[in-house]
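I opened the notebook to look up charged pairs and their surroundings. These are the entries, in the order I made them.

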Amino acid sequence: MEKLMDKETQNKVREILEELTEPVQIFLFKNDGEYSEIVEQLLGELKELDDRIKVDTYHSDSEEINNYDIERDLFPAMVILDSEGNDYGIRYYGIFGI
């Protein structure tokens, strides 16, 4: 599968990620839609750029979704946690602008 981020974009993202002081955990809740697949691929590319980015993927019907306050009709949905797994309510819905 072709990468979504070209080399120039990968290098820019690496520069930005250098500013991270702690690891970040991203939980992706996806459905069977095309946007979910694109976001899953992009998050996979992101975690390849920096090992402090951790991504766990769950389907929208997973029991794990019950642990987080997520809009059930907006997928893909991402929950961003700090390095200790603390949830500060940071959510991102939909697809990134590419």
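Predicted model: local features only at pLDDT ≥ 70, side-chain atom pairs only at ≥ 80, totals over all residues.

**Entry 1**

Arg52 has 23% relative accessibility and counts as partly exposed. I then looked for its partner. Arg52 forms a salt bridge with Asp50. The closest N and O atoms lie 2.6 Å apart. Is Asp50 buried or exposed? I found a relative accessible area of 9% for Asp50, so it is buried, the cut-off being under 20%. I noted the pair as a buried Asp50 with a partly exposed Arg52.

**Entry 2: the count**

How many salt bridges does the structure hold? I get six. I went on to further pairs.

**Entry 3: Lys3 and Glu48**

I checked Lys3 next. Its side chain meets that of Glu48 in a salt bridge, at 2.7 Å from N to O. Lys3 is partly exposed at 41%. Glu48 has a relative accessible area of 55% and is exposed, because the cut-off for that class is over 50%.

**Entry 4: Glu8 and Lys12**

I turned to helix H1. Glu8 and Lys12 join their side chains in a salt bridge, 3.2 Å from N to O. Why are they about one helical turn apart? They are four residues apart in helix H1, so about one turn separates them. Lys12 comes out at 48% relative accessibility, which means partly exposed.

**Entry 5: a network**

Which residues are linked in a network of salt bridges? I list Lys30, Glu37 and Glu40. I kept Lys30 in mind for the next entry.

**Entry 6: Tyr58**

Where is Tyr58 placed? I find Tyr58 in strand E2 (residues 53–59). Tyr58 counts as partly exposed, at 22% relative accessibility. I listed its contacts, leaving aside neighbours within four places in sequence. They are Phe27, Leu28, Phe29, Lys30 and Glu64. The C-alpha atoms of Tyr58 and Phe29 are 4.9 Å apart. Along the chain, 29 residues separate these two.

How values were computed: Residues numbered from 1 in each chain as written. Heavy atoms only, no water. Salt bridge = Lys/Arg side-chain N within 4 Å of Asp/Glu carboxyl O. Buried < 20%, exposed > 50% of the residue type's maximum accessible area, 1.4 Å probe, protein only. Helix = DSSP H or I, 4+ residues; strand = E, 2+ residues; numbered from the N terminus. Contact = heavy atoms within 4.5 Å.
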